[in-house]
Amino acid sequence: MAAPGGTLNCEDFSMFQEVLKAMRTLDDRIVHALNTTVPTVSFSGKVDATQTCKDLYESLIEAHTSRDKAIKACIAETSAVVGRLREERAKDSDNLSLIKQLRKEQTKLKLMQSELNVEEVVNDRSMKVVIERCRIHYTPPKVQ
């Protein structure tokens, strides 16, 4: 799964988190982006705030969609690994290294699933800020 700043590596959870962090840059800087692009009332004639808000909203939606797909792809990949390891464990229940690997993969799967919750919070926060700041200039289709 390609991502800005690198490839999303589902095998290494630390790298997975680093790439997600890079992908969340727009969300992390949303307040700054709004402050620098959406004019106050006194400057409203100099910038097309409607188009600016629409563009920012569409960029957010695109970023949220790509991160969601990336996280879900890694969850699916890790789930497949866990399923395969469970089958192997059923055949060879005394293999300690197999059991250890299964636990490691199960932990990684739980951590990746928790990233979906983090993603929901990040998305909600960003959308709330955009809607509050742009409500006069632009109303997103889902909010109307």
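1. Cys53 has a relative accessible area of 0% and therefore counts as buried, where buried means under 20% relative accessible area, exposed over 50% and partly exposed in between, computed with a 1.4 Å probe on protein chains only. Its disulfide partner is Cys134, with an S to S distance of 2.1 Å, a disulfide being a pair of cysteine sulfur atoms within 2.5 Å. Cys134, at 1% relative accessibility, is likewise counted as buried.

2. A note on the basis of these values: this is a predicted model, in which local features need pLDDT of at least 70 and side-chain atom pairs count only at pLDDT 80 or more, while totals for chains, interfaces and linings use all residues. Residues are numbered from 1 along each chain as its sequence is written, and side-chain values use heavy atoms, with hydrogens and water left out.

3. The link of Cys53 and Cys134 is left-handed, with -80° about the S-S bond. It ties together distant parts of the chain, since Cys53 sits in helix H4 and Cys134 in helix H5, 81 residues apart; helices (H or I, at least four residues) and strands (E, at least two) are DSSP runs, numbered from the N terminus.

4. How many disulfides does a search of the whole structure find? The search gives two, and the other joins Cys10 to Cys74 with an S to S distance of 1.8 Å. Cys10 is buried, with a relative accessible area of 8%, and Cys74 is buried at 0%. With bonded cysteines counted along the chain, the disulfides follow the pattern 1-3, 2-4.

5. The axes of H4 and H5 come within 9 Å and cross at roughly 165°, where axes are lines fitted to C-alpha atoms, for helices over the stretch in contact, and angles run from 0 to 180 degrees between N-to-C directions. The two helices, H4 and H5, are therefore roughly antiparallel to each other, a label for angles over 145 degrees, with those under 35 counting as roughly parallel, 65 to 115 as roughly perpendicular and the rest as oblique. H4 passes H5 in a left-handed crossing, that is, one in which the near helix is turned anticlockwise from the far one by less than a right angle, clockwise being right-handed.

6. The largest nonpolar core has 17 residues, and those with the most contacts inside it are Leu8, Phe16, Leu20, Ile71, Cys74, Ile75 and Met112; such a core is a set of buried Ala, Val, Leu, Ile, Met, Phe, Trp, Tyr and Cys residues joined through side-chain atoms within 4.5 Å. Helices H1 (13–23), H4 (49–91) and H5 (96–134) each supply at least two residues of this core, and its largest share, six residues, comes from H4. Another core, of 13 residues, lies apart from it and includes Ala33, Val38, Tyr57 and Leu60.

7. Leu20, leaving aside its neighbours within four places in sequence, is in contact (heavy atoms within 4.5 Å) with Arg67, Ile71 and Glu115. Among contacts in the protein chain between residues at least 6 apart in sequence, 74% join residues at least 24 apart.

8. For the chain as a whole, the secondary structure comes to five helices and two strands, running β-β-α-α-α-α-α from the N terminus on. Of its 144 residues, 34% count as buried.
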